[in-house]
Amino acid sequence: GGKLVSKEVKGPLGRKVKATYISQNKTNTAVIELAAASGYSLIGDASRNPMKTSSYGSGELLVDAIENGARRIFIGLGGTACIDGGVGLCQAIGVRFLDNNTRVIRKVGNGSMLNEIASIDVTKIHSGISRSQIILLYDVDNKLCGKKGAAHVFGPQKGASKEMVGQLDNNLRHYAKILKKEFNQNILKTKGIGAAGGAGASLLAIADARLENGAEFIARQVKLDKYIKRAALVITGEGTIDSQTIAGKTPYTVTNIANKIGVPVIAIAGM
């Protein structure tokens, strides 16, 4: 019973893109995929640079969904071009980030400006945020920082050089300290928050969002175990099966459920 809603928003590098999300008026629900407005598929390989890319457009979609009546919003974390900790997204919903001189940082949030943030002002945040339930669905259980964090694991595919990876990791660590100071949320220890360049970190702390493993959540909604119990064989798959698969992606979740029931699994991969 849902419908597709399209809106022109800022893409990862600020150029306008048309992004789509799902709205279901009957249940006041919206489903937003971060990659729709902030995905690396929206820019060419040569333009990928997580020091410059932003999740701002995803925040514009969130505002649009709320203003269209959504009060329960599912956000899919994955496939973004940015490693901005969700700062760009939060700017779009009215959050202001201040520097050491308590001046508002005017540049659009991206990976390079995180270390400039000294405090966060939420007095201008969109009023609908506090009336909405935001559920973040992640597909990898990586933490925000460290060797298995957002910058080290996903930075290279988003266009980061080795030097950039180190700087982005440091910038995210600095931002996590600010979030802890301002909202008493220890984001650094949260499993799954490294997905989508850490975009969920801001929403978790600032908007009191809930974080869930996406594949496990969907499996529960469709009662996947009930169907597997009636099956002789399960076939699953994804574009690329690699080390990230066992960090919580769909084939891993499906296989875990099937193993508990005792049904064999075949996984098919593009590569």
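Sort the lining of the largest pocket by class and you get 15 nonpolar, 12 polar and 6 charged residues. Here Ala, Val, Leu, Ile, Met, Phe, Trp, Tyr, Cys and Pro count as nonpolar, Asp, Glu, Lys and Arg as charged, and the others, Gly among them, as polar. This is a predicted model, where local features need pLDDT of at least 70 and side-chain atom pairs count only at pLDDT 80 or more, while totals for chains, interfaces and linings use all residues. Residues are numbered from 1 along each chain as its sequence is written, and side-chain values use heavy atoms, with hydrogens and water left out.

That pocket holds about 600 Å³ of space (the volume filled by probe spheres set on grid points, which are joined across faces, edges and corners). A pocket is an open set of points on a 1 Å grid over the protein atoms alone where a 1.4 Å probe fits, with protein on both sides within 12 Å along at least five of seven lines; lining residues have an atom within 4 Å of a point. Leu77, Gly78, Gly79, Asp139 and Lys249 lie nearest the centre of the largest pocket. Strand S4 (72–77) is among the elements supplying at least two lining residues, and S4 gives the most, with 4. Strands (E, at least two residues) and helices (H or I, at least four) are DSSP runs, numbered from the N terminus.

Now for the second largest pocket, with about 310 Å³ of space. Of its 17 lining residues, Asn213, Glu216, Thr253, Asn256 and Ile257 sit closest to the centre. H9 contributes the largest share of this lining, 5 residues.
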